[in-house]
Amino acid sequence: MSKFWVIVRQVIVKNFKTPTYIIMLLTPIIAMLGIGLFIFISNQTSQTPKIAIVSENQAFRTALVHAKTNGDYKVKTNLDTENKAESALSKEKIDGYLIVDTKNNDIKATYKTRTNGNDLDKTNLKNSINGIKTQLSASKLGLSNKQLKELFTPATFETKSVSYTNGKQKAQKNNQQAINLILANIVTVLIYIFMLNYASMIAQEIATEKGSKIMEILVSSVKPRIQFFAKVTAMFVLILIQVAITALSAFIGVKYFGQSISMLKGLNLNELQPSIVLILALFFILGVMLYTIVAAGLGALVARSDQVGQAISPLSMIALAAYAASFIAMNSNSILVKIGSFVPFVSQSLMPVRYAIGNATTSEAYISIVLLAIAVGFSLWGAVRLYEKHVLDYSDKKLWRFNFKRSK
């Protein structure tokens with residue numbers, strides 16, 4: 001057992017010294033810091049627009065100046081004529097000015113702005129103008145404030161979200177499905193990235209040792225089976241380290257910058273359902289394990305490290321196809337998507353999305369997880385056999401023709 005842990009430690013230490021793994025570890029941290037820096041710079045450079053309001057109707061202008069702005073703009077109250085506003089605009093002291101014409105019982109508003117001025121969201125300003133106009137019209141018609149309020153009070157509209165588990169209705173928060181889908185998308189992307197990176201790493205690890213002929217020395221002192229399990233264990237330790245760093249970076253990013261990113265607005269970590277977190281975590285673990293184990297077996301088939309890309313290319317294509325299919329699953333629940341969500345090698349990308357949007361029940365998700373776990377077990381058995389059989393095979397024949405002849 002001591003030899004097992006020696007190999008585990010050796011693989012971990014060796015990868016920690018490689019620039020590739022260090023970059024993989026730092027990528028989520030750099031991404032989080034980059035997003036924070038971008039938001040900080042945006043907040044510093046985007047200033048509240050300064051405007052002036054001009055009108056011959058002083059009552060209307062006063063009401064508009066004192067209307068709620070919700071922080072969308074600031075009104076320079078001392079600029080009460082068009083000449084003053086035009087002068088201030090030309091000297092870049094304001095970003096624009098509003099001219100309100102109330103002649104002939106009609107209200108016409110014109111906003112003049114500099115091309116290099118701060119952008120103004122005019123929605124709130126338009127609402128204020130329409131609200132004041134409505135009040136003036138109601139006053140002329142002799143309507144009281146109570147009547148006016150009753151006239152413009154909108155109808156009550158409420159949305160209730162529900163999900164169905166085994167035919168039973170369960171209430172959800174209105175944004176729960178969106179939160180689940182965001183989380184599923186993030187996990188699907190991470191599964192794809194981790195599968196490709198670590199499948200390539202473990203295949204390269206094994207192929208490099210074969211190419212340097214050091215494997216002959218290792219086999220003489222440590223059984224191939226022990227070597228295989230030690231390398232796979234070391235790779236899972238490296239995966240867990242990166243998962244921890246990625247999760248911590250994501251937690252900090254969502255907590256401090258989430259409300260500044262449109263896709264993450266409304267995402268409250270306290271609202272995450274334990275069931276979907278568990279299901280997504282299981283798919284992530286099993287999906288990455290499946291591809292890593294298969295890649296380890298394929299790595300034993302090559303004679304040199306430059307053949308690794310050829311060996312794992314079919315695995316990479318399957319991973320890419322599964323990832324692309326997850327986008328189809330967002331908008332379709334066809335029979336192919338349903339079947340694919342139970343098929344190992346693609347289920348880790350399809351089922352999380354189907355479950356997140358409510359197209360799959362909890363029992364279906366766990367059935368898919370069980371099938372994926374069984375596939376991991378069979379892959380482990382097959383990969384160990386491949387490793388034991390080919391770890392000392394240095395044939396330079398073409399990989400797939402060689403394997404075909406071997407299987408005869």
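Is Phe345 buried, partly exposed or exposed, and what is its relative accessible area? The close-ups below take this up, along with some other spots. The model is predicted, so local features need pLDDT of at least 70 and side-chain atom pairs count only at pLDDT 80 or more, while totals for chains, interfaces and linings use all residues. Residues are numbered from 1 along each chain as its sequence is written, and side-chain values use heavy atoms, leaving out hydrogens and water.

**View 1. Phe345 sits in the loop between α12 (335-340) and α13.** Phe345 is partly exposed, with a relative accessible area of 23% (buried is under 20%, exposed over 50%, partly exposed in between, with a 1.4 Å probe and protein chains only). Its phi is positive, near 85°, in a residue other than glycine. Most residues other than glycine have a negative phi.

**View 2. Helices α10 (residues 274-299) and α13 (residues 347-356) pack with their axes 9 Å apart.** Helices here are DSSP runs (H or I, at least four residues), and strands are E runs of at least two, numbered from the N terminus. The angle is about 170°, so α10 and α13 are roughly antiparallel (over 145 degrees between N-to-C directions).

**View 3. Thr48 lies in the loop between α2 (19-45) and β1 (50-55).** Thr48 is partly exposed, at 32% relative accessibility. Not counting residues up to four places away in sequence, Thr48 touches Gly71, Asp72, Tyr73, Lys74 and Asp95.

Notes
Axes are lines fitted to C-alpha atoms, for helices over the stretch in contact, and angles run from 0 to 180 degrees between N-to-C directions. Angles under 35 degrees count as roughly parallel, over 145 as roughly antiparallel, 65 to 115 as roughly perpendicular and the rest as oblique. Contact means heavy atoms within 4.5 Å.
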